[in-house]
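Please read the following briefing alongside the coordinates, with attention to charged side chains, strand pairing and backbone geometry. The points are grouped by topic after a few lead sentences.

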Amino acid sequence: MNRNLIFLGAWLGLCFNLAAQTDESSEAPQLWGALIRATDSPSASDRKVSEDLAGRLGKSFDFSTFEIIGEHTQPIGKEYHSWVVPSSELFLRVDYKGIVEGGRSLHLQLWQQENVVVKTDVLLKSDSPIFFAGPAQGDDQLIFVVEMKR
């Protein structure tokens, strides 16, 4: 596996630090973020995504296998920003904008080295993940998944 890919996965697990305050409700929703490798190569990894998520990813990306490189879960707070996979090559910034009807408003920025590749505002709802295509890694594809779970 590509050294950079392993580095990115390790940083995702270690550096998805959200400076978050808790929701006013007693059970704040959780923000789950993951870096996924999509591939058509056979895999013996025990880090495959759930069948439900694999089905959703398969509808959006033309690959047969989806493996979790790194993941992190954090309570969603009132105000924060976070750098996901903060490396000199690839990272995702997540800015929490507030509670809106039916979910949470987020601003996402995908960065590659010093360049913003994509900026977008999203409404994140429970059990409705956002897929963010990252760069290709040979014949494989990196995908960020951001999901709100209760």
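A search of the whole structure, which is a predicted model, finds 6 salt bridges. Among the residues involved are Arg-37, Glu-67 and Asp-140, which are linked in a network of salt bridges, and the pair Lys-97 and Asp-121, whose closest N and O atoms are 3.5 Å apart. The points below take up these charged groups, then the hairpin of strands E5 and E6, and finally two residues with a positive phi, Gln-113 and Asp-127.

**Salt bridge between Glu-71 and Arg-47**

- The side chains of Glu-71 and Arg-47 meet in a salt bridge, with an N to O distance of 3.6 Å.
- This pair links distant parts of the chain, since Glu-71 belongs to strand E2 (residues 65-75) while Arg-47 is in the loop between strand E1 (30-39) and helix H2 (51-60), and the two are 24 residues apart.
- Glu-71 is partly exposed, with a relative accessible area of 32%, and Arg-47 is likewise partly exposed, with a value of 34%.

- Arg-37 is found in strand E1, and because its relative accessible area of 12% is under the 20% limit, Arg-37 counts as buried.
- The side chain of Arg-37 makes a polar contact of 2.7 Å with the side chain of Glu-67, and another polar contact, of 2.4 Å, with the side chain of Asp-140.
- Together, Arg-37, Glu-67 and Asp-140 are linked in a network of salt bridges.

- Lys-97 forms a salt bridge with Asp-121 at a closest N and O separation of 3.5 Å; Lys-97 lies in strand E4 (residues 90-100) and Asp-121 in strand E6, so the pair ties together parts that are 24 residues apart in sequence.
- Both partners count as partly exposed, Lys-97 at 48% relative accessibility and Asp-121 at 49%.

**Aromatic residues**

- The charged end of Lys-149 sits over the ring of Trp-32, at 4.5 Å from the ring centre.
- A search of the whole structure finds 1 aromatic pair.
- Tyr-96 lies in strand E4 and counts as buried, at 7% relative accessibility.
- The C-alpha atoms of Tyr-96 and His-107 are separated by 6.6 Å, although the two residues are 11 residues apart along the chain.

- His-107 has its place in strand E5 and is buried, with a relative accessible area of 17%.
- A polar contact of 2.6 Å joins the side chains of His-107 and Asp-121, and Asp-121 is also the salt-bridge partner of Lys-97.

**Pairing of E5 with E6**

- E5 and strand E6 (residues 115-124) pair in the antiparallel sense over 9 bridges, and Leu-108 has Thr-120 as its bridge partner in E6.
- The two strands, E5 and E6, form a hairpin with 2 residues between them, and the turn includes Gln-113.

**Residues with a positive phi**

- Gln-113 has a positive phi of about 55° although it is not a glycine; Gln-113 is placed in the loop between E5 and E6 and counts as partly exposed, at 48% relative accessibility.
- Asp-127 also has a positive phi of about 55° without being a glycine; Asp-127 is found in the loop between E6 and strand E7 (130-137), and because its relative accessible area of 51% is over the 50% limit, Asp-127 counts as exposed.

Notes: Residues are numbered from 1 along each chain as its sequence is written. This is a predicted model: local features need pLDDT of at least 70, side-chain atom pairs count only at pLDDT 80 or more; totals for chains, interfaces and linings use all residues. Side-chain values use heavy atoms; hydrogens and water are left out. Two strands pair if DSSP finds at least two bridges between them. Helices (H or I, at least four residues) and strands (E, at least two) are DSSP runs, numbered from the N terminus. Buried means under 20% relative accessible area, exposed over 50%, partly exposed in between (1.4 Å probe, protein chains only). A polar contact is a pair of N or O atoms within 3.5 Å; within protein, one must be able to donate a hydrogen and the other to accept it, and residues adjacent in sequence count only if both atoms are side-chain atoms. A salt bridge is a side-chain nitrogen of Lys or Arg within 4 Å of a carboxyl oxygen of Asp or Glu. Rings of Phe, Tyr and Trp (its six-membered ring) pair if their centres lie within 6.5 Å; planes under 30 degrees apart count as stacked, over 60 as edge-to-face and the rest as tilted. A charge sits over a ring if NZ of Lys or CZ of Arg is within 6 Å of the ring centre and within 35 degrees of the ring normal.
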